[in-house]
Amino acid sequence: MTLLLEMKNVHKRYPGVHALKGISFSLRAGELHALVGENGAGKSTLVKALGGVVAPDEGEILIRGNSARWSGPGDAIRAGVGIIHQELSLAPHLTVAENIYLGREPKRGPFIDGRKLADDATRLVEGFGVGIDVKRRAGTLSPGEQQLVEIAKAISQNVSILAMDEPTSSLSARETEQLFRVIAGLRASGTGIIYISHHLEEVFLLADRISVLRDGEMAGSADAKELTPERVVSLMVGRRIEALYPRTFRDPGDVLLDVRGLSRTGVLEDVSFTLRSGEILGVAGLVGSGRTELARCLVGLDPFDGGEIAVEGTPFTPRSPGDALDRGIVLVPEDRKRQGLFLNRTIRDNTIAMRLLQGLRKGPFVDRPASESLAGSFVQRLGVRCRNVFDSVFSLSGGNQQKVAIAKGLAVSPKILILDEPTRGVDVGAKAEIHQIMNDLAAQGMGILMISSDLPEVLGMSDAVLVFRDGRRVARFPRGEGAQGTLGERVMTAATGGIANA
Ligand SMILES: Nc1ncnc2c1ncn2[C@@H]1O[C@H](COP(=O)(O)OP(=O)(O)O)[C@@H](O)[C@H]1O
Ligand SMILES: [Mg+2]
């Protein structure tokens with residue numbers, strides 16, 4: 001395949017920071033080359049150097065074999081290099097069409113041909129299968145729509161190299177799908193794509209090649225099929241995964257939950273496992289593999305039509321979350337914004353929402369002092385960053401919202417906690433704090449079922465990993481069975497339909 005781009009020994013220094021330390025990087029036609037690394041690793045600087053936004057201090061950039069010396073982004077675009085920067089850059093007061101053709105509007109005599117402008121823009125945007133009215137002002141678009149408009153703009157400039165700096169961080173699931181379709185089309189037409197993302201799932205879905213930056217250096221680069229998420233994470237952080245997670249493992253205690261042959265037609269089939277006191281069971285699998293359904297059956301949100309559940313040795317058929325709560329089982333759902341929390345209510349109201357079912361009342365009224373001190377104690381224990389318990393949950397960051405969702409569950413003192421994607425959409429710092437909380441809860445004897453699509457998290461936090469596929473529990477891997485790298489591969493293989501171990 002044609003080599004579109006070659007960067008050789010590129011250095012970039014900012015005052016006090018050596019942001020790129022001799023980076024070499026290449027891109028072929030039709031290839032998607034993912035660039036990953038922790039915050040500050042130098043990813044954005046690399047694409048800025050490529051796009052003529054910053055000038056490298058040393059080294060060489062070759063475009064189709066020709067040395068490129070940009071004096072600004074315009075030069076890069078003329079050479080066929082388009083960059084979608086992390087900070088979106090449309091002019092908010094201009095329309096979509098005006099933004100796309102800014103500075104190169106079609107003319108009729110001395111005037112801008114407004115009709116051709118709109119027609120061209122519409123054709124371009126529609127080529128994406130996205131319904132954006134090109135006469136709208138860019139400032140009124142969602143971040144996802146703005147992103148797609150920026151891509152349309154780059155494509156209209158006939159770029160053959162397109163770099164996207166964290167394109168999906170502000171996109172909805174639907175917009176992400178649209179973006180992936182656009183990317184597939186671009187690759188098919190030979191465009192080379194540099195794709196920066198924190199989402200390793202996405203990276204492994206899309207990438208032909210993956211390069212990992214760490215502290216301005218190239219920590220590793222290989223074909224995606226030669227890498228695993230675990231390997232990429234360890235290249236990113238430069239340490240082994242175990243060192244990243246705060247888990248202190250002990251021998252688990254008594255069986256809290258015993259699930260035998262649980263089935264629900266079309267959803268779950270013959271699922272068996274046990275969860276012990278002090279244990280964290282990771283539940284891995286692809287989206288739709290039955291993991292969330294299992295959680296819903298366990299807390300009585302959905303009925304099951306086969307199998308048995310026992311809690312501490314006593315049979316249990318949950319008919320509602322209230323039943324589950326009575327037996328000490330609580331679910332913190334995946335979609336905290338829609339199912340888990342009342343966003344426009346206070347931290348206090350959310351924390352006590354379930355606890356109210358168990359009392360916390362004075363006569364017919366909520367016991368206010370008790371509920372405030374309860375909420376206050378959780379804010380402190382879980383390190384929720386807020387002014388006080390009367391802040392609305394809406395005003396909190398994703399990580400702190402998730403802590404409130406966990407507080408709401410913990411307020412009823414469960415023995416068994418089911419966490420569905422506990423750290424999705426949460427920043428790195430809060431994620432580490434949530435892991436610490438989980439470790440402490442397990443140390444105090446709670447049994448935790450942790451559904452997660454974050455493979456390093458599953459490997460780093462779990463006593464054992466259950467793998468689900470097509471509604472079945474296809475594997476159970478105890479911790480430390482083989483090196484972590486191999487375990488990660490075995491989990492992925494089982495989840496995606498490779499050979500299962502029973
Ligand atoms: N304009 C700038 N001035 C000074 N330092 C910068 C500037 N831009 C980035 N840096 C520094 O360069 C390093 C790499 O940053 P960046 O390329 O943005 O990383 P990433 O995109 O991987 O998060 C960081 O230490 C960052 O603080
Ligand atoms: Mg960046």
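Biologist: Which element gives the largest share of the shell around ligand 1?
Modeller: That's H1, with 3 residues. Helices here are DSSP runs of H or I with at least four residues, strands are runs of E with at least two, and both are numbered from the N terminus. Keep in mind that this is a predicted model, where local features need pLDDT of at least 70, side-chain atom pairs count only at pLDDT 80 or more, and totals for chains, interfaces and linings use all residues. Residues are numbered from 1 along each chain as its sequence is written, while chains are lettered from A and ligands numbered from 1 in the order in which they are written.

Biologist: OK, and which residues surround ligand 1?
Modeller: Tyr 14, Val 17, Ala 19, Gly 37, Asn 39, Gly 40, Ala 41, Gly 42, Lys 43, Ser 44 and Thr 45. A residue is near a molecule if its C-beta atom, placed from the backbone, lies within 6 Å of it. Strand E2 (17-28) and helix H1 (43-50) are the elements that give two or more residues to this shell.

Biologist: How does the shell around ligand 1 split by class?
Modeller: There are 4 nonpolar, 6 polar and 1 charged residues. Here Ala, Val, Leu, Ile, Met, Phe, Trp, Tyr, Cys and Pro count as nonpolar, Asp, Glu, Lys and Arg as charged, and the others, Gly among them, as polar.

Biologist: Back to H1: how many of its residues are buried?
Modeller: 8 of the 8, so H1 is largely enclosed by the rest of the structure. Buried means 20 or more other C-beta atoms within 10 Å of a residue's own, exposed means 12 or fewer, and partly exposed is in between, with C-beta atoms placed from the backbone. Lys 43 and Leu 50 are among the buried residues of H1. Gly 52 follows H1 and has a positive phi, near 75°.

Biologist: New topic: what's the strand order in the open sheet of 4 strands?
Modeller: E14-E13-E16-E17, with antiparallel pairing. Two strands pair if DSSP finds at least two bridges between them. The edge strands, E14 (268-276) and E17 (314-315), each pair on one side only. Helix H9 (residues 291-298) packs on the sheet, where H9 touches E13, E14 and E16. Touching means that two residues have C-beta atoms, placed from the backbone, within 7 Å.

Biologist: How many bridges join E13 to E16?
Modeller: 5, and the two strands run antiparallel. In one of them, Ser 263 has Gly 306 in E16 as its bridge partner.

Biologist: Last one: how is the protein chain divided into domains?
Modeller: Into domain 1 (3-90 + 141-238), domain 2 (244-328 + 414-502) and domain 3 (341-413). Those bounds come from an automatic or database domain assignment. The contact between domain 1 and domain 2 takes 7 residues from domain 1 and 10 residues from domain 2. Helix H8 (residues 229-237) gives the most to the domain 1 side, with 5 residues.

Terms used:
Axes are lines fitted to C-alpha atoms, for helices over the stretch in contact, and angles run from 0 to 180 degrees between N-to-C directions.
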